[in-house]
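Hello,

Here is the structure I promised to pass on. Please open it alongside this email, and my notes follow below.

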Amino acid sequence: MAKALAAKDAVSTRMRSIRRVLWIVLVLNLAVAAAKYVYGTVTGSASMQADGIHSVFDSAGNVVGLVGIALASRPADEGHPYGHAKFETYASLVIGVLLLLAAFEVGSSAVAKLASGSYTAEVTPLSFAVMAGTLAVNLGVTTYERRCAKRLKSEVLAADANHTLSDALVSVGVIVGLAAVALEFPMADPVMALVVTLAILATAWDVFKHALATLSDRARIPEEDVRAAALAVPGVRDAHRIRTRGTEGEVYADLHVLVAPEMTVKDAHDLSERVERAVEERFPNVAEALVHIEPDDGHVD
């Protein structure tokens with residue numbers, strides 16, 4: 001019971017931490033999006049507007065993440081005995097879809113400007129000041145969110161950090177485009193908007209790749225590492241059929257442990273609990289380890 005309560009408290013603390021990070025990033029993304037889009041609209045810069053739209057989708061991704069974390073925080077129930085952690089992964093997938101929509105919006109606008117030959121961007125010193133300021137905010141947010149994602153092993157934060165990094169890279173491209181416009185190459189503005197589109201698509205692919213790894217039950221911990229943790233427990237002769245799955249922050253592990261054939265049921269049960277504790281202590285992201293005891297009689301099941 002104590003073990004279950006401790007695990008539940010750890011999950012709740014992790015979810016609260018992720019939620020707090022998402023709220024902070026949401027506020028910053030909204031400020032950045034407003035600055036870029038409003039000034040891009042005033043000056044007629046397609047690339048600045050595109051970058052602003054990208055930042056808006058960053059904010060929408062934060063909202064999706066908050067909803068996903070709220071669902072993922074719900075405790076296990078009869079219908080979901082393993083809990084609701086994968087809702088965090090589903091939220092990552094929605095962020096990926098939002099990125100695809102953003103790519104379509106940005107790309108179609110750029111193509112329309114190129115097709116019509118309508119280049120209306122006006123470049124002023126304030127244009128560069130706005131982009132440089134928002135770029136600094138994006139880089140700061142990316143660094144902060146990546147550190148939190150690593151510490152909390154959060155798929156949503158990792159996906160959102162990559163999204164924000166792409167926004168920063170896009171901002172660099174926009175600055176280059178504005179410089180080209182200032183040098184009397186007006187076509188550079190919508191061309192850089194197309195570069196923005198490619199960056200968004202690349203980010204979407206990365207988000208989908210990581211989310212599908214979880215949904216396809218990809219192994220989360222190397223088999224040899226789990227075996228080493230089990231073999232460190234006195235009485236364990238070997239371990240095999242080792243499997244891990246789940247989200248990066250909430251992993252479920254099961255393994256078969258070979259013990260002396262003459263071991264009593266009680267001793268074998270006590271040993272299995274020690275192995276479970278050893279695995280969970282060695283890998284803090286393991287929410288539950290399940291050990292199956294087998295007699296070491298020379299036969300492998």
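Let me start with Phe87, which counts as partly exposed because its relative accessibility is 25%; here buried means under 20% relative accessible area, exposed over 50%, and partly exposed in between, using a 1.4 Å probe and protein chains only. Before going further, please note that this is a predicted model, where local features need pLDDT of at least 70, side-chain atom pairs count only at pLDDT 80 or more, and totals for chains, interfaces and linings use all residues. Residues are numbered from 1 along each chain as its sequence is written, and side-chain values use heavy atoms, with hydrogens and water left out.

**The aromatic pair**

Searching the whole structure turns up 1 aromatic pair. (Rings of Phe, Tyr and Trp, the last by its six-membered ring, pair if their centres lie within 6.5 Å; planes under 30 degrees apart are stacked, over 60 edge-to-face, and the rest tilted.) Both residues sit in helix α3, 3 residues apart, or about one turn of the helix. Helices here are DSSP runs of H or I with at least four residues, numbered from the N terminus. Tyr90 is partly exposed too, at 39% relative accessibility.

**Ser92**

Helix α3 (residues 86-116) also holds Ser92. This serine is buried, with a relative accessible area of 2%. Setting aside neighbours within four places in sequence, Ser92 is in contact (heavy atoms within 4.5 Å) with Glu155, Val156, Ala159, Val207 and Ala211.

**How the helices pack**

The axes of α3 and helix α6 (residues 188-215) come within 8 Å and cross at roughly 160 degrees. Axes are lines fitted to C-alpha atoms, for helices over the stretch in contact, and angles run from 0 to 180 degrees between N-to-C directions. The two helices are therefore roughly antiparallel, a label for angles over 145 degrees, while under 35 is roughly parallel, 65 to 115 roughly perpendicular and the rest oblique. The contact of α3 with α6 has 23 nonpolar, 7 polar and 2 charged residues. (Ala, Val, Leu, Ile, Met, Phe, Trp, Tyr, Cys and Pro count as nonpolar, Asp, Glu, Lys and Arg as charged, and the others, Gly among them, as polar.)

For helices α4 (residues 125-152) and α5 (residues 155-182), the axes come within 8 Å and cross at roughly 160 degrees, which means that α4 is roughly antiparallel to α5. Their contact divides into 19 nonpolar, 6 polar and 4 charged residues.

Best wishes
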